[in-house]
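Visitor: I would like to go through some labels and ask what each one rests on.
Guide: Go ahead.

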Amino acid sequence: MSKLVFIGLGAMGEPMAANLLKHGYEVIVTGRRSAAAVVRLQGKGARRVETLAEAGAATVFLMLPSSAEVEAVILGEQGLIETLEPGAVIVDCSTSDPASTRQLAAKLLQREIRLVDAPVTRGVKGARDGTLAFFIGGGDAEVQQVLPYLQAMGTDHFRFGAVGSGHTAKIINNMISLSTLSLLSEATYLARDAGLDIDTFYQAVMAGNGKSGTLESFGPRLSKRNYGSINFRIDLAAKDLALSQQLAARAGQPFFVSQAAYTMFQVAEKLGLAKKDIANIAEFWTSRD
């Protein structure tokens with residue numbers, strides 16, 4: 001059975017690694033970051049190493065904030081491109097820039113190391129419950145090789161094509177959900193300002209064409225102005241919307257709605273909301289009450 005290394009043991013990565021352990025896989029973690037998560041995973045059977053060179057892994061999972069961190073882990077000093085053996089596979093579950101992903105894949109291929117992009121959706125709850133949905137890009141052989149591991153962490157697996165296509169699909173997915181959340185925040189403010197009962201308003205919208213998963217998920221929190229724990233930070237959402245604007249620029253067309261959402265998240269960052277959950281985007285409006 002392959003040894004699996006998991007790098008990036010944050011709110012998403014730790015429960016994903018825990019689910020791999022739960023399914024009987026040998027998971028290796030490093031103590032360089034997230035020391036508390038490493039200890040918790042050791043308690044569940046993970047093996048700790050001090051350096052990646054010690055791991056001797058055939059498959060490495062990454063769950064990192066952005067392409068910059070992914071590039072550093074792969075190309076930096078004692079990075080994966082130097083420490084992994086030919087035939088190894090790196091699975092990037094981060095929401096990364098597709099252009100960077102393709103460039104990394106080309107460099108890794110020179111060392112006979114393959115890259116699969118497999119970003120996820122359904123948030124921290126999906127990571128904990130093992131019900132994530134994966135957006136997958138990569139070659140047939142390496143995708144089939146890592147699919148059993150992805151099945152241990154999620155229930156839905158969508159294959160889009162060559163390496164980089166999974167990240168492209170995930171960015172567009174986030175463009176939809178974050179733009180919808182921005183609009184929902186505006187609508188909530190208008191409804192409240194007009195004196196409508198927000199819970200009744202949401203029920204009415206859910207009964208008609210305005211129904212959406214975003215409203216179902218965020219409506220109760222926006223109604224009560226109780227935004228809950230951090231599931232997806234505003235600064236990371238802004239990063240994803242910036243990536244969507246890069247895709248738009250490459251397409252050579254203006255994308256008005258996602259540009260407006262990106263601007264809204266940028267302003268939210270400047271209002272001091274960067275490290276808060278994306279539900280707090282509603283404060284863009286309610287802070288002006």
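**Labels and their cut-offs**

Visitor: What makes R47 partly exposed?
Guide: R47 has a relative accessible area of 33%. Partly exposed lies between buried, under 20%, and exposed, over 50% (1.4 Å probe, protein chains only), so R47 is partly exposed. This is a predicted model, in which local features need pLDDT of at least 70 and side-chain atom pairs count only at pLDDT 80 or more, while totals for chains, interfaces and linings use all residues. Residues are numbered from 1 along each chain as its sequence is written, and side-chain values use heavy atoms, with hydrogens and water left out.

Visitor: Why is the pair of R47 and E26 called a salt bridge?
Guide: The term requires a side-chain nitrogen of Lys or Arg within 4 Å of a carboxyl oxygen of Asp or Glu. The closest N and O atoms of R47 and E26 are 3.6 Å apart, so the pair counts as a salt bridge. R47 is in strand β3 (residues 47-49) and E26 in strand β2 (residues 26-30), 21 residues apart; strands are DSSP runs of E, at least two residues, and helices runs of H or I, at least four, numbered from the N terminus.

Visitor: What is the accessibility of E26?
Guide: E26 has a relative accessible area of 31%, which means partly exposed.

Visitor: Which residue forms a salt bridge with E50?
Guide: R48 does, with the closest N and O atoms 3.5 Å apart. E50 is partly exposed at 48%, and R48 is partly exposed at 37%.

Visitor: What makes E14 buried?
Guide: Its relative accessible area is 14%, so E14 is buried. The side chain of E14 meets that of R40 in a salt bridge (2.7 Å, N to O).
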